[in-house]
Amino acid sequence: MFTVIRADQIEFDTREQMSRIFAEGFTQWLGFFSNDKQTIARAFAHMFVLNQFYVAVTDDRKVAGMAACTDGTASSVKLNPKELRKHLGLYKGTLAGLFLKKEFEATLADPSPVKCSIDFVGTAPEFRGKGAAMVILRHIIENTPYEQFLIEEVADTNIPAMKLYQKLGFQEYKRKPVPLKRAEKIGISGFLSVKYVKGTSNLK
């Protein structure tokens with residue numbers, strides 16, 4: 001049903017569709033800047049470093065899902081403050097460039113040639129439950145040179161994502177609690193980190 005390919009190797013521009021997937025998954029976290037998914041999509045469409053992303057594409061050129069895979073030293077996104085200000089306004093766009101840069105462009109604390117970071121895993125609403133994210137993650141595990149695959153900061157309320165990762169053989173290795181006041185505000189008590197290690201986990 002899907003073809004998995006690196007985003008920079010596709011014959012059409014995937015940014016618009018990727019930005020809509022991003023907005024669906026992240027607008028709830030970006031409410032300070034805008035609660036409108038279309039605004040968030042437009043503001044962040046520029047940021048994707050396409051050679052770091054894999055996408056699941058249908059025969060009719062629909063991007064069903066995406067995930068970034070980096071070596072832990074390079075970032076999968078690059079925020080442009082000018083673009084953020086253009087779509088979010090001078091004040092909020094400037095703040096977005098300052099505060100989100102550290103979070104979005106973070107690299108692994110202890111990178112190594114055998115380790116990679118998987119980020120920005122998302123599925124288009126119309127393709128949820130149809131295996132798009134699973135085929136992308138399988139493709140990354142089977143077709144990249146890494147031995148360890150890390151996914152940082154999965155919300156403990158994101159049950160569908162956790163079920164998917166567990167099905168693929170990912171195991172929790174770290175948990176970061178959210179301060180009580182913030183937890184009450186966002187409805188999440190903690191973030192989990194999971195990893196898949198070739199040779200100790202099994203693709204199912």
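Me: Where does A43 sit?
Reply: A43 is located in helix α2. The structure is a predicted model.

Me: Is A43 buried or exposed?
Reply: A43 counts as buried because its relative accessibility is 0%.

Me: What does A43 touch, leaving out residues up to four places away in sequence?
Reply: With those residues set aside, A43 touches L84, H87 and L88.

Me: And how far is A43 from S189?
Reply: The two residues are 146 residues apart along the chain. Their C-alpha atoms are separated by 29 Å.

Me: Staying with α2, at what angle do α1 and α2 pack?
Reply: Helix α1, residues 15-26, and helix α2, residues 37-44, pack at an angle of about 130 degrees. Their axes are 8 Å apart. The two helices are therefore oblique to each other.

Me: Is that crossing of α1 and α2 left-handed or right-handed?
Reply: The crossing of α1 and α2 is right-handed.

Me: Which residues meet there, between α1 and α2?
Reply: From α1, the residues are S19, R20, F22, A23 and E24. They meet K37, I40, A41 and F44 of α2. By class, the residues of this contact divide into five nonpolar, one polar and three charged.

Me: Now α6. Which of its residues are buried?
Reply: Helix α6 covers residues 159-168, and its buried residues are A161, M162, L164, Y165 and L168. Seen down the axis of α6, these residues fall within an arc of 160 degrees, so they line one face of the helix.

Me: Why would residues a few places apart point the same way in an α-helix?
Reply: An α-helix has 3.6 residues a turn, so residues three or four places apart point the same way.

Me: What is exposed on the other side of α6?
Reply: P160 and K163 are exposed on the other side of α6.

Me: What follows α6?
Reply: G169 follows α6, and the phi of G169 is positive, near 105 degrees.

Me: How do α5 and α6 pack, in angle and distance?
Reply: The angle between α5 and α6 is about 40 degrees, and their axes are 11 Å apart. That angle makes α5 oblique to α6. The crossing of α5 and α6 is right-handed.

Me: Which residues of α5 and α6 meet?
Reply: A133, M134, L137 and R138 in α5 meet L164, Y165, K167 and L168 in α6. The contact of α5 with α6 has six nonpolar, no polar and two charged residues. L164, Y165 and L168 are also among the buried residues of α6.

Me: Changing topic: where is T123, and is it buried or exposed?
Reply: T123 is in strand β4. At 16% relative accessibility, T123 counts as buried, because the cut-off for buried is under 20%.

Me: What is T123 in contact with, leaving aside neighbours within four places in sequence?
Reply: T123 is then in contact with I21, A64, G65, R128, A132 and A133. Of these, A133 also takes part in the contact of α5 with α6.

Me: Where does K198 lie?
Reply: K198 lies in the segment after β7. Its relative accessibility is 28%, so K198 counts as partly exposed.

How values were computed: Residues are numbered from 1 along each chain as its sequence is written. This is a predicted model: local features need pLDDT of at least 70, side-chain atom pairs count only at pLDDT 80 or more; totals for chains, interfaces and linings use all residues. Side-chain values use heavy atoms; hydrogens and water are left out. Buried means under 20% relative accessible area, exposed over 50%, partly exposed in between (1.4 Å probe, protein chains only). Helices (H or I, at least four residues) and strands (E, at least two) are DSSP runs, numbered from the N terminus. The arc is that of the directions from the helix axis to the C-beta atoms. Axes are lines fitted to C-alpha atoms, for helices over the stretch in contact, and angles run from 0 to 180 degrees between N-to-C directions. Angles under 35 degrees count as roughly parallel, over 145 as roughly antiparallel, 65 to 115 as roughly perpendicular and the rest as oblique. A crossing is left-handed if the near helix is turned anticlockwise from the far one by less than a right angle, and right-handed if clockwise. Contact means heavy atoms within 4.5 Å. Ala, Val, Leu, Ile, Met, Phe, Trp, Tyr, Cys and Pro count as nonpolar, Asp, Glu, Lys and Arg as charged, and the others, Gly among them, as polar.
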